[in-house]
Every structure is written in structure tokens, then in C-alpha cells.
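Please read it alongside the sequence and the model.

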Amino acid sequence: MHCVVTGCAGFIGSHLTERLLADGHAVVGIDCFTDYYARPVKERNLSGAKAHPKFRFVEADLADGKLADAVAGAEYVFHLAAMPGLTRSWVDFDVYNRCNLTATHRLLEALKAVPTLKKFVYASTSSVYGRYASGDETLPTKPSSPYGITKLAGEHLTRVYQEEFGLPAVVLRFFSVYGPRQRPEMGLHLFIKWVLSGTPIQLTGDGLQVRGATYIDDCVEATVRAGLHAMPGETFNLGGGEIATVLDMIRKIERISGKTATIERRPDRKGDQLATAADVGKLWRHLGWKPTTGLDAGLTKQIEWQRTIL
Ligand code: NAD
């Protein structure tokens, strides 16, 4: 199968690319190394895929690059490229608009001319639900940050291209993905880094925010299944199954790493989600997918990885 992965140098995109290659597919990966975090980190993410004979890398910005050649002959397109993270979206709205909306629009336009296309997977987020993202796909969408608004707008663009041009699209709403290569500004990455290095944890809010974090391998498995088998037009919540508060997770990190955390409280983050807990029954009913990695096992793997990059 001929796949395209946008955002292939990122956290989730690099794992997805490796998995598709391991399954025997040919993959064209597109990324422009945005400066959200350091380019060498992304180059490292991509190094495994780059060594694979069925991988072709296209360094291009979806928002203004030439895309026709990169998407020619594509059968399955996984659109993960985006500007993630809610904090910066309050101050850099133009970048979010460009990477999440303009980029998605240009990619959809390019795909109109690709007759081989069988599926387009749009990576969305629990942030489209806003403060209380707990439940199934029928929850009202009410984003609480500019990031969530741009990602929801991307969902709507995708829907409109499906309705007007027959684009076979599926939307996956990811819930806090974690594991090796997790983005360096994400909560669990920071907590583990601080605990391992004996630095006080900067805890925003009261720590009672509920999270249903998703282990990366579970996220990739569901994404591949959705790409190959989901019915176009469907939207799925993709979450980890096990729910814990932020403080619970810090306690787990202490226990697994054998180190004690000190915690310094910081004010709430604007737009922070108070609860994210996906009901993933629809993925089970449609695709036979359930998360298989619990928090203890997943955190153990992420801690092992972070020890290697300290
Ligand atoms: P990431 O930042 O690690 O990866 C995104 C990649 O996209 C980066 O390598 C970046 O350089 C690239 N990119 C951004 N704009 C681009 C553009 N205009 N042209 C080409 N490449 C561009 O992020 P991630 O955590 O791997 O997230 C991947 C996707 O999953 C995103 O769409 C994000 O919104 C979504 N998501 C992630 C999480 C999570 O917990 N990590 C949760 C919900 C949703």
C-alpha cells in the first residue's frame, strides 16, 4: 500500500511511519521541522524511517510547499502535521492558523487530484471538546483554547471536502498520547525529566485534572486500523482507557523511577482541560480496537527512554 504521513518527524508521526514500514507499506513522509521544538530531536525521531528502503522523505511546508509530487499515487494519507499544544496558541495564533488550517486546506486541495486515494485520516484532539472532554463522540464540541479551535476547524474542512468532493475521510480525536519520543513540552515528559534530574515539578493547577492518557503503540494501532478499515465519514475518540489524575501520575513516576518528587504549584494554564477521559467503545465496535497498555507499563517505557536522553 502507498501511504503518506504528514508530520512524520514528530512524536506520533514518526512511530506511525515506522509501523507502516514494518507492515510492508511504502511511505512518503512530509515534514518541515517547525521550530516548536528542536530540529535535532525530530531528525532523531526520523532516523529509523530514513534508513528504510520503502521510505521517501519530502521536506516541505504544507502551508506553502508544492505538494502534487509528494501525494501523487497516495492510497492512504495520515494527516498528523500540526502545531500542537494549547499554551503557545494564545500568543502565536497566526502559526496555529497556518499549520493547522492553511496547511490542512492545501493538503485537501492537493488530494482532490489524487484518484488513487482510499482514505484520509485527520488527526484531531480531545481539545475540540474543551474543558470537560469525558465521554463519547456525541459530546458537544466547545474548545477552550485557540489550538482546539483550529483543530476543530480542520475537522470541519475535512468534512466539507468529504461532502463536496467525495474525500474518504476519517477523524481521530487523540487523547494525551505518551511514551518514548513524547514531545518535550508535554506534561508527562516534563514531570519525568524533573523527577529524574531532581528538579522541582512545576505543577499548573491543583493536580486533580483527570487524564485518560494513551500509550503511543495503542494510538498507532488504532490509527492504522482506522486508516485501513474505518468507514469514511466517521469520527472516533482515541484514548487510553485508564484514567488518573495528574497527581496520581506523578506518584506513579516516583514509584517507578525510585525517586521523590518535590512539587511547586503554579497558576492554572489558560484553557486547560479539567478532564479528558475518552469513551472508546465506538473504536471497539467498529474496528475491534481496545487500548492494551496500562499506565504503569507505559510510564515505565517512557521513563526508560527518558533516562537515555537526559
Ligand atoms: P509533533 O509536534 O511532535 O509533530 C507534528 C509534526 O508536524 C512536527 O514534526 C512538525 O514539524 C510538523 N509540521 C507542523 N506544521 C507543519 C507544516 N505546515 N508542514 C509540514 N509539517 C508540519 O506533534 P504530535 O504530538 O506528534 O502530534 C501529532 C498530531 O496529533 C497533531 O495533529 C496533534 O494536533 C495531534 N494530537 C496529539 C496529541 C498528543 O498527545 N501528542 C493529542 C491530541 C492530538
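Which helices and strands each supply at least two residues of the shell around the ligand? The points below begin with that matter and then turn to the sheets and to individual residues.

1. The model is predicted. Four elements each supply at least two residues of the shell around the ligand: helix 1 (11–22), helix 4 (93–111), strand 5 (119–125) and helix 5 (146–165). Strand 5 gives the largest share, three residues.

2. In total, 30 residues surround the ligand, and D31, Y37, Y147, V177 and R183 are the closest. Sorted by class, the shell around the ligand comprises 19 nonpolar, six polar and five charged residues.

3. An oxygen atom of the ligand lies 2.9 Å from a backbone N or O atom of I12, and a backbone N or O atom of G10 is 3.3 Å from an oxygen atom of the ligand. The side chain of D61 places an N or O atom 2.9 Å from a nitrogen atom of the ligand. The ligand taken alone exposes 820 Å², of which the protein buries 98%.

4. Seven strands form an open sheet with parallel pairing, in the order 3-2-1-4-5-7-12. Strand 3 (55–59) and strand 12 (235–238) are at the edges; each has a single partner strand, so one side of each has no neighbour in the sheet. From one strand to the next, the twist averages 20 degrees.

5. Strand 5 may be followed through its pairings. With strand 4 (residues 76–79), strand 5 pairs in the parallel sense over four bridges, and F78 has V121 of strand 5 as its bridge partner. With strand 7, strand 5 also pairs in the parallel sense, over six bridges; here F120 has A169 of strand 7 as its bridge partner.

6. Is strand 7 (169–174) covered on its faces or uncovered? Both faces are covered: A169, V171 and R173 on one side, and V170, L172 and F174 on the other, are all buried. Six of the six residues of strand 7 are buried, so strand 7 is largely enclosed by the rest of the structure. Strand 7 also runs parallel to strand 12, to which four bridges join it, and L172 has F236 of strand 12 as its bridge partner.

7. A further open sheet has four strands in the order 6-15-10-13, with mixed pairing. Strand 6 (132–135) and strand 13 (244–245) are its edge strands, each pairing on one side only. Strand 10 (residues 210–211) and strand 13 run antiparallel and are joined by two bridges, with T245 of strand 13 as the bridge partner of V210.

8. Strand 9 (residues 201–204) has one covered face, made up of I201 and L203, and one uncovered face, made up of Q202 and T204. Its pairing with strand 14 (residues 263–266) is parallel and spans four bridges. In this pairing, T204 stands opposite R266 of strand 14.

9. Most residues other than glycine have a negative phi. S176, in the loop between strand 7 and strand 8 (177–178), has a positive phi near 25 degrees and is not a glycine. R181, in the loop between strand 8 and helix 6 (187–197), is likewise not a glycine and has a positive phi of about 80 degrees.

10. Are S176 and R181 buried, exposed or partly exposed? S176 has a relative accessibility of 27% and therefore counts as partly exposed, because that class lies between the buried limit of 20% and the exposed limit of 50%. R181, at 18% relative accessibility, counts as buried.

11. The last point concerns G281, which lies in helix 9 (residues 281–287). G281 is buried, with a relative accessible area of 18%. How far apart are G281 and N237 in sequence and in space? They are separated by 44 residues in sequence and by 8.6 Å in space, C-alpha to C-alpha.

Methods: Residues are numbered from 1 along each chain as its sequence is written. This is a predicted model: local features need pLDDT of at least 70, side-chain atom pairs count only at pLDDT 80 or more; totals for chains, interfaces and linings use all residues. Side-chain values use heavy atoms; hydrogens and water are left out. A residue is near a molecule or strand if one of its heavy atoms lies within 4 Å of it. A polar contact is a pair of N or O atoms within 3.5 Å; within protein, one must be able to donate a hydrogen and the other to accept it, and residues adjacent in sequence count only if both atoms are side-chain atoms. Accessible areas come from the Shrake-Rupley method with a 1.4 Å probe; for residues, only the protein chains shown count as cover. Ala, Val, Leu, Ile, Met, Phe, Trp, Tyr, Cys and Pro count as nonpolar, Asp, Glu, Lys and Arg as charged, and the others, Gly among them, as polar. Buried means under 20% relative accessible area, exposed over 50%, partly exposed in between (1.4 Å probe, protein chains only). Two strands pair if DSSP finds at least two bridges between them. Axes are lines fitted to C-alpha atoms, for helices over the stretch in contact, and angles run from 0 to 180 degrees between N-to-C directions.
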